[in-house]
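Colleague: Before I use this model, I would like to know what stands behind the terms.
Modeller: Look at it first, then ask.

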Amino acid sequence: MKLFAKKIFNSKLLLFLRNNLNIKKNKFDLFNIKKNISVSDSFCWRTDKDFETIFRFSDILKNFYKIDKSKIIIIFYDKQGKFLKEILLDNLKQSENEIKIDKSFFNNLEDYGTFHVYHISNIDIKEKLMISNRCYVGYSKKKALPSFMHGNTYSSYAYINNHNIKYSNIVKNKILTNSIYKIQNYFDGYDRTELFFSNPTDQKIKFYLNGRFYELYKNESFIIETKTEKIFTIKSNCLFLRPVIFNYKNNFMDVFHA
Amino acid sequence: MNFFFGIKFLEFSSNLKIPIFQNQGHKKSNYNLYCINIKDNKWNIELYSSQSTDDFYMVNNYDCNNDNIFFLASDNEILNYKEKGFKNLIKLNNFTLTSPAYRANLEINLKEGGFSSYQSEYPLQMINKKGSIVSPLNILTNKKNSKNYLIFKNIYKDPINEAFKGYFINLKSKKIIQKFELKTNYTNCIEIHNDLLHEEIYFFTKNYTGIPVYLSSRDKHLSFEHTHPPHEYILSEDKFKIVANFKKEFYEIIC
């Protein structure tokens with residue numbers, strides 16, 4: 001009976017109504033996923049303006065489930081959300097795997113975009129697994145020490161066994177553009193700030209940043225630069241839209257998720 | 001309810017920007033910032049007067065030391081707390097209990113050098129717990145010509161600076177590589193030598209939980225970020241059982 005009530009409470013229809021009526025909102029919908037899955041964040045990569053991106057991750061299937069010989073698929077998108085490339089990594093180490101994303105990685109492309117990461121395995125998994133590798137991404141400018149941060153927002157998932165990738169809107173949207181996220185930092189004393197926004201859903205996101213209107217399509221990303229604003233308020237139709245922040249002062253840079 | 005903390009060691013200092021609003025915008029103008037630390041084995045609570053804006057309390061690098069803990073509360077909540085004798089840290093309000101988590105910006109600085117920050121908090125539910133922490137040493141550190149440090153913050157409900165052990169453990173060889181002393185209610189700072197930055201080596205504590213944060217410095221540039229607790233990687237309902245099994249390996253090595 002309890003399980004049945006939980007199923008009803010978390011059904012797609014009721015979740016839609018709850019989120020739009022602001023009654024026990026749930027930003028993420030993982031309840032309606034039935035099979036073994038690997039959830040990815042929407043990570044951002046940069047090769048523009050002398051940036052290099054360092055991506056580090058651990059082998060979660062090995063660490064927690066003792067599953068050997070798993071692989072990682074990483075799919076890269078450009079800032080318009082178009083597919084750029086896909087790589088498959090095997091021979092994973094337990095806790096330290098690293099790839100460097102520089103302009104040579106993309107045939108001299110100096111730009112930015114997003115990427116998604118999924119664990120896959122050919123081993124038949126009996127139990128129901130649901131994993132999410134939050135990973136760590138470092139951003140280095142002019143070969144300086146990379147500034148690291150962890151994953152910022154769930155985006156999509158892949159079935160661990162059949163590698164079928166799904167964009168099922170784990171992060172939920174609503175009809176009205178009235179979901180507020182006010183960044184809990186005061187941006188004073190920096191030369192400039194960049195806010196890197198990406199769309200973790202497969203629907204159009206509409207949002208206002210300090211009253212200015214923007215739209216983001218599926219997998220799309222863009223950077224908003226500012227020099228004067230000290231507080232940022234985001235109002236959107238997405239229940240979990242938070243940017244990656246790049247702060248600059250003198251010759252130094254800091255990166256963190258808002 | 002969340003607590004906030006700072007760091008001070010070697011040539012590094014820090015500052016905190018603590019918001020007086022929730023990330024959905026709700027504000028409590030009557031909330032003050034309080035600083036708490038241990039004096040004569042008791043919690044000592046003081047109203048923290050600092051430079052502030054309409055929306056933030058700023059904690060300067062003098063007060064952002066390894067002992068001070070900060071939290072938001074109203075005068076009435078503090079009066080009620082005083083009546084209870086300030087015996088241990090308790091929940092005073094739900095204002096900082098939000099989703100996403102209510103956070104302050106903790107920025108670490110190097111004199112005439114770089115800066116690095118993350119959105120930080122120490123959740124109330126962690127202060128009641130004794131338990132263990134596992135964190136890989138190499139995932140946020142940098143080997144190339146850099147200095148690397150583990151910053152481990154513990155806040156515990158009782159006003160004690162109790163010593164407990166931290167370990168660097170090689171999971172593959174199942175050996176303790178380094179054993180060192182940590183302290184409760186303190187920001188502990190430990191240098192990590194480059195030869196320990198291998199994929200098999202983890203930081204582990206047995207008796208107390210806390211937040212492991214890694215700091216790297218090279219050519220005056222800094223990188224500062226925390227690792228996730230293992231259960232963050234597992235979304236299925238059996239996450240705590242899976243993590244307990246993972247931690248069991250570490251317990252067996254140190255026993």
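**Domains and chains**

Modeller: The centres of domain 1 of chain B and domain 2 of chain B, taken over C-alpha atoms, are 25 Å apart, the domain bounds coming from an automatic or database domain assignment. The model is predicted: local features need pLDDT of at least 70 and side-chain atom pairs count only at pLDDT 80 or more, while totals for chains, interfaces and linings use all residues. Side-chain values use heavy atoms, with hydrogens and water left out.

Colleague: What makes A:Lys182 and B:Asp55 a salt bridge?

Modeller: A salt bridge is a side-chain nitrogen of Lys or Arg within 4 Å of a carboxyl oxygen of Asp or Glu. The closest N and O atoms of A:Lys182 and B:Asp55 are 3.8 Å apart, so the pair qualifies. Between chain B and chain A the count is four salt bridges; between domain 1 of chain B and domain 2 of chain B it is zero.

Colleague: How many residues of chain B are in contact with chain A?

Modeller: 61 residues of chain B are in contact with 58 residues of chain A, contact meaning heavy atoms within 4.5 Å.

Colleague: What is the area buried between chain B and chain A?

Modeller: Buried area is the accessible area (1.4 Å probe) that two parts lose on being put together, summed over both. For chain B and chain A that is about 4900 Å², with carbon and sulfur atoms giving 54%. B:Phe115, B:Tyr233 and B:Leu235 supply 16% of the area that chain B buries against chain A, more than any other three residues. Between domain 1 of chain B and domain 2 of chain B, the buried area is about 1800 Å², 75% of it from carbon and sulfur atoms.

Terms used:
Residues numbered from 1 in each chain as written. Chains lettered and ligands numbered in written order.
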